[in-house]
Amino acid sequence: MSRCDSFFIGLGSNLDDPEAQLDRALRSLQLANVEVCQTSSRYRTEPVGGPPQPWFLNQVARVRFVDTPLALLRLCQSIERRQGRERRLMNGPRTLDVDLLLSGDLVLDSPALRLPHPRLPERRFVLVPLVEIAPRMIDPRSGLCLEALLRRCEDRSVVERVGA
């Protein structure tokens, strides 16, 4: 197997044609020399927190990137901005959200970036697609595999595979 498990990225959108937003984000990553090795199915997900808003379309991608996690974060934020992301309201509607979720056994706690993503164990809309593509991956903070994190997750929001 090739080394395509460097980073897991979560993508989500609930504005301006979410399907097209996710497609454009994946293409933008590839154009920036990020190897998209694997993607999960797409999931229609109930908004968690925030104001009333449309449901999201979420997906996870396993990518390979040869630079630092911070450089990948900056690239993801640049893609969000190019696709119209405005950070006006926490957990509010958005054209695109691209989050670094996990990178092997890397634990990083800096002001700019925390890995694994600090809310990973609390979010079904992230765990369900992650488990689809990497069920046995270990969360280095808890020592649990992603399947176990999903079983323990208290979030009961709706996460439905699109086209299932």
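A search of the whole structure turns up zero disulfides, a disulfide being a pair of cysteine sulfur atoms within 2.5 Å. Take Cys-153: the nearest cysteine sulfur belongs to Cys-145 and sits 14 Å away. Cys-153 is buried at 1% relative accessibility, where buried means under 20% relative accessible area, exposed means over 50% and partly exposed is in between (1.4 Å probe, protein chains only). Cys-37, with a relative accessible area of 27%, is partly exposed.

Keep in mind that this is a predicted model, in which local features need pLDDT of at least 70 and side-chain atom pairs count only at pLDDT 80 or more, while totals for chains, interfaces and linings use all residues. Residues are numbered from 1 along each chain as its sequence is written, and side-chain values use heavy atoms, with hydrogens and water left out.

Now for the overall fold. The protein chain has four helices and eight strands, and along the sequence they follow the pattern β-α-β-β-β-α-β-β-β-α-α-β. These elements are DSSP runs numbered from the N terminus: H or I with at least four residues for helices, E with at least two for strands. The radius of gyration is 15 Å, close to the 15 Å that the globule rule gives for 164 residues, so the chain is as compact as a globular protein of that length. That radius is taken over C-alpha atoms, and the rule is 2.2 Å times the number of residues to the power 0.38. The C-alpha atoms fill a box of roughly 35 × 35 × 35 Å along the principal axes, and buried residues make up 49% of the 164. Of the contacts (heavy atoms within 4.5 Å) with a separation of 6 or more, 67% come from residues 24 or more positions apart.

Just after the helix, Gly-84 takes a positive phi of about 90°.

Over in the loop between β2 and β3 you'll find Ser-40, buried with a relative accessible area of 5%. Leaving aside neighbours within four places in sequence, Ser-40 touches Gln-59, Val-60, Pro-129, Glu-132 and Ile-133.

Then there are the charges. The structure holds nine salt bridges, each a side-chain nitrogen of Lys or Arg within 4 Å of a carboxyl oxygen of Asp or Glu. In one of them, Arg-42 meets Asp-23 with the closest N and O atoms 2.7 Å apart; this pair links the β2-β3 loop to helix α1, 19 residues apart. Arg-42 is buried at 11% relative accessibility, whereas Asp-23 is partly exposed at 31%.

Asp-109 forms salt bridges with Arg-114, at 2.9 Å between the closest N and O atoms, and with Arg-141, at 2.8 Å. Asp-109 lies in β6 and Arg-141 in the loop between α3 and α4, so their pairing ties together parts that are 32 residues apart in sequence. Elsewhere, salt bridges with shared partners join Glu-80, Arg-85, Arg-94 and Asp-97 into one network.
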